[in-house]
Amino acid sequence: MSRSGRPPAPPDPPEATRPAPARLVLARHAQSTWNGLGKIQGQLDPSLSERGREEAERLAERLGDKRWAAFYSSDLARCRETAAPLAGRLGREPVTLGDLREIYLGEWEGLTRHELEQRYPELWQRWLHEPSWDLVPGGEGAKSFELRVDRVIKRLLDEHPEGDILVVTHGGVIQVALGHTIGRNSAGLFPFRISNASITTIEHGPQRLIVSSVNDVCHLSSPLGGEGRVGAPGSGALTA
């Protein structure tokens, strides 16, 4: 009883905990055998290299103990193989989506840059002067690729409005997602470094998407097997 003789007022009820808004955690696939050779992959399907398998394990160590609202992967082998150690730790398989594939690069797929210079000298010079996916013979083209990426990102955020969404995909897809977030089209010029097995995060803010991290490779900071420094080769647009 209070001094007034009235019973004390009950304490205020605890405030309801608001669920965290959606956050896309975009992991680029680990190094493939073609990344190491400098071959243009596009939608062709090389497997991971030995170094790439080690990168995939490091990625799984970094992300495998977290709680995920959803888990997705491109259906191409280099992404599925990157996702496999994560799936083992999480006890769940990723949902594979064709829309998460890399851009289709038509006649250029499977070639090295040297072979492009030899077989397509005029187109290659135009590419060097002003890169554009629309220059690639038989390719998907810039507008089609960007619409596809925008569509799949919107789908993931619509289906999972809360929590963290883990997506194993390709460098080009991540570049376009970042460009969309900051209001910039890629066309063929990728301004961000997106290394193999890196993590990029895009948050669903109150009014718009927000880039919160790009090319996080902290889990790869100690020496890996194979040759080359972290993120090279394979962080450029054509070999993604």
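This is a predicted model: local features need pLDDT of at least 70, side-chain atom pairs count only at pLDDT 80 or more; totals for chains, interfaces and linings use all residues.

Student: Where is Ala197 found?

Tutor: Ala197 sits in the loop between helix H7 (171-182) and strand S5 (199-204).

Student: What is phi of Ala197 near?

Tutor: The general idea comes first. Most residues other than glycine have a negative phi. In this structure, phi of Ala197 is near 65°, a positive value in a residue other than glycine. Asn215 is another non-glycine residue with a positive phi, about 60°. Asn215 belongs to strand S6. At 17% relative accessibility, Asn215 counts as buried, because the cut-off for that label is under 20%.

Student: How many helices and strands are there in the protein chain?

Tutor: The protein chain has seven helices and six strands. Along the sequence they follow the pattern β-α-α-β-α-β-α-α-α-β-α-β-β. Of the 240 residues in the protein chain, 50% are buried.

Student: Where in H3 does a kink lie?

Tutor: The kink is at Ala84, shortly before the proline Pro85, and amounts to about 35°.

Student: On to side chains. How many salt bridges does the structure hold?

Tutor: There are eleven salt bridges. Asp75 forms a salt bridge with Arg101, and their closest N and O atoms are 2.7 Å apart. Asp75 lies in the loop between strand S2 (70-74) and helix H3 (77-90), and Arg101 in the loop between strand S3 (95-97) and helix H4 (113-119), so the pair ties together parts that are 26 residues apart in sequence. Asp75 is partly exposed, with a relative accessible area of 24%. Arg101 is also partly exposed, with a relative accessible area of 24%.

Student: Which residue forms a salt bridge with Asp99?

Tutor: The partner of Asp99 is Arg151, with the closest N and O atoms 3.2 Å apart. This pair links distant parts of the chain: Asp99 is in the loop between S3 and H4, Arg151 is in helix H6 (residues 142-159), and the two are 52 residues apart. Asp99 is partly exposed at 23% relative accessibility, and Arg151 is partly exposed at 46%.

Student: What separates Lys154 and Asp158 in helix H6?

Tutor: Lys154 and Asp158 are separated by about one helical turn, because they are four residues apart in helix H6. They form a salt bridge whose closest N and O atoms are 2.7 Å apart. Lys154 counts as exposed, at 53% relative accessibility.

Student: How many aromatic pairs does the structure hold?

Tutor: The structure holds four aromatic pairs. For each, read the centre distance and the angle between the planes. Trp108 and Trp127 form an edge-to-face pair, 5.8 Å centre to centre with 70° between the planes. Trp108 lies in the loop between S3 and H4 and Trp127 in helix H5 (residues 121-129), so the pair ties together parts that are 19 residues apart in sequence. Both Trp108 and Trp127 are buried. The rings of Trp127 and Trp133 have their centres 5.3 Å apart and their planes at 55°, so this pair is tilted. Trp133 is buried, as is Trp127.

Student: Which residues do ring pairs link into a cluster?

Tutor: The cluster is made of Trp108, Tyr120, Trp124, Trp127 and Trp133.

Student: Last, the surface. Which residues form a nonpolar patch there?

Tutor: Ile182, Val211 and Val214 form a nonpolar patch with about 200 Å² of accessible area together. Val214 is found in strand S6 (residues 209-216). At 31% relative accessibility, Val214 counts as partly exposed.

Key
Residues are numbered from 1 along each chain as its sequence is written. Side-chain values use heavy atoms; hydrogens and water are left out. A salt bridge is a side-chain nitrogen of Lys or Arg within 4 Å of a carboxyl oxygen of Asp or Glu. Buried means under 20% relative accessible area, exposed over 50%, partly exposed in between (1.4 Å probe, protein chains only). Rings of Phe, Tyr and Trp (its six-membered ring) pair if their centres lie within 6.5 Å; planes under 30 degrees apart count as stacked, over 60 as edge-to-face and the rest as tilted. Patches are made of residues with over 30% relative accessible area and no salt bridge: like charges are joined within 9 Å, nonpolar side chains (Val, Leu, Ile, Met, Phe, Trp, Tyr) within 5 Å. Accessible areas come from the Shrake-Rupley method with a 1.4 Å probe; for residues, only the protein chains shown count as cover. The bend at a residue is the angle between axes fitted to the seven residues ending there and the seven starting there.
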